[in-house]
Amino acid sequence: VEEEMKHLRDKIDMDGDGGGADFIITQFFYDAKVFIHYVKCVRAAGITCPILPGILPIQSYNSFKRMTEFCGISVPRHVMERLEPVKYDDEAVKKIGCEISKDIATEILTCCGKDDTGMDVDGIHFYTLNLERSVTRILLSMEAVATRTVISPGSNSESNAFSNGTEDIEGQQRQQQNESNKEDTDAIATSPSRRQFPWRPSAMERRVKEDVRPINWANRPKSYVMRTDDWDEFPNGRWGDSTSPAFGELSELSHFYSFTLGSLEDRLAMLGQNPKVSQDVYEVFAAYVEGKVPYLPWCETPLQPESFTIQKQLAALNRAGFLTVNSQPPVNGVSSSHPIYGWGGSGGYVYQKAYCECFVSPENAQKLVSMVTDNQSMNLYAVNNMGRELRVGLEEGGATALTWGVFPNREILQPTIFDPSTFLIWAEEAFSLWTNMWLNLYDYGTDSHDLVESIRDTYYLVAIIDNDFVSQSSVGKLWEAFLKVGKVDV
């Protein structure tokens with residue numbers, strides 16, 4: 001601590017020439033006591049400049065886990081105990097995240113108020129990450145900003161009058177909200193799924209009407225958002241013509257580094273220090289499915305909950321050389337409030353076709369072609385890094401709905417599709433990730449470099465759809481057929 005304080009003091013003083021820092025903003029944290037202790041250490045070291053605590057509101061469980069692990073942030077047990085029961089409910093996580101941030105800010109402002117001890121804090125720095133609604137909610141709950149009552153149309157209430165130039169933004173609703181807080185908290189753990197779509201919508205206002213996306217970027221949503229950032233309009237109701245507008249080009253800054261697996265050491269620890277045979281690579285994919293490896297270059301988050309039902313099958317298939325990067329089981333008319341498969345609100349029913357996307361050797365690619373040919377309900381599209389294509393049952397230009405829902409007083413929604421033209425665009429990105437996220441870890445000419453390069457240049461990226469979503473199989477016909485081809489017994 002003493003050495004750290006010395007470096008901090010040097011940054012503030014900068015040899016006394018006045019070119020040092022004017023104030024301190026901390027890294028984000030979730031334990032107010034850690035910050036309070038830090039302030040005491042800074043003041044004890046004779047540093048008197050303002051200190052702003054950095055608070056990052058929790059937007060989703062997966063992003064929270066990824067950020068805290070990547071940055072080495074310690075998380076108090078009571079925070080995890082509040083989040084764990086609702087980790088698959090994004091809205092509940094965000095609500096509790098706001099409450100946690102409010103509690104942290106309130107404790108800091110209470111303990112570090114203006115006094116004679118030098119422990120004063122002049123404000124709070126919120127890391128919004130362009131998601132300002134949570135910060136607004138936190139500030140309103142702290143009564144740190146002026147508010148205005150929302151009056152329903154036709155209301156004769158005079159409570160919408162402004163007083164002393166101050167606008168009351170939530171007014172009468174706050175009392176009702178406070179009274180229901182305990183009830184809401186008790187209900188969260190058993191509340192139905194509140195996902196708007198199977199994928200997480202963008203917070204950007206101009207994408208608010210977007211309600212259809214291709215499945216291929218399901219595990220790399222940030223890349224999809226950036227590659228479609230220049231679009232004037234976003235798919236609404238149907239996918240439309242994927243050839244116009246065009247997807248953005250791949251680039252080092254906006255694409256490959258929108259998500260990284262951490263430092264060189266972190267990536268070597270996850271992907272292998274010295275893989276020499278194909279089975280070493282297969283084992284990394286299997287470990288990801290089993291939760292032993294947190295990320296892959298093609299997967300920014302851990303395995304999705306809906307794939308837990310086929311987790312054993314996926315792990316076995318990966319060890320057999322079918323390297324899955326995207327998958328979903330079939331769903332036939334389950335409630336839209338289902339805690340795992342549900343989306344779109346209550347009162348509806350949701351459906352989805354079994355889907356698998358995987359890298360396979362040329363030999364296994366031909367086995368999958370034969371498998372799909374023998375099953376009329378299945379379609380296959382595959383391409384390798386050289387551009388050679390394999391097709392079974394897919395027509396040019398036709399998009400296939402993979403997920404859809406039926407709701408009262410609404411048209412049928414189909415938020416996830418497969419489009420052959422878009423698949424080729426994704427395949428270019430998928431193969432480039434072998435190079436930029438894996439191959440570059442190893443020196444040219446080594447066994448590990450040659451192995452990964454060979455996989456990149458010879459394997460196919462295969463997408464298979466099973467249109468028979470009403471199958472009575474416990475895991476779906478697609479996965480039973482996959483296991484048979486891979487000679488896997490689970």
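Close-up 1. Glu 300 sits in the loop between α11 (278–289) and α12 (311–319); helices here are DSSP runs of H or I with at least four residues, strands are runs of E with at least two, and both are numbered from the N terminus. Look also for Lys 222: its C-alpha atom is 8.9 Å from that of Glu 300, although 78 residues separate the two along the chain. Please keep in mind that this is a predicted model, in which local features need pLDDT of at least 70 and side-chain atom pairs count only at pLDDT 80 or more, while totals for chains, interfaces and linings use all residues. Residues are numbered from 1 along each chain as its sequence is written, and side-chain values use heavy atoms, with hydrogens and water left out.

**Close-up 2. Helix α12 packed with helix α16.** The loop of Glu 300 leads us to α12, which packs with α16 (residues 477–485) at an angle of about 30°, the axes being 10 Å apart. Axes are lines fitted to C-alpha atoms, for helices over the stretch in contact, and angles between N-to-C directions run from 0 to 180 degrees. α12 is therefore roughly parallel to α16 (angles under 35 degrees; over 145 is roughly antiparallel, 65 to 115 roughly perpendicular and the rest oblique). Gln 313, Leu 314 and Leu 317 of α12 meet Trp 479, Phe 482 and Leu 483 of α16, where contact means heavy atoms within 4.5 Å.

**Close-up 3. Helix α1 packed with helix α2.** Here α1 (residues 2–13) and α2 (residues 32–44) pack at about 65°, with axes 10 Å apart, so the two helices are roughly perpendicular to each other. Glu 4, Met 5 and Leu 8 of α1 make the contact with Tyr 38, Cys 41 and Val 42 of α2.

Close-up 4. The strands follow the order β5-β8-β13-β9-β10 with antiparallel pairing; two strands pair if DSSP finds at least two bridges between them. β5 (323–328) and β10 (389–392) stand at the edges with a single partner strand each, so one side of each has no neighbour in the sheet. Neighbouring strands are turned by 10° against each other on average, direction ignored. Seven bridges join β8 (residues 354–360) to β13 (residues 460–466), and Cys 358 has Val 462 of β13 as its bridge partner. Helix α14 (residues 420–438) packs on the sheet, touching β5, β8, β9 (378–384), β10 and β13.
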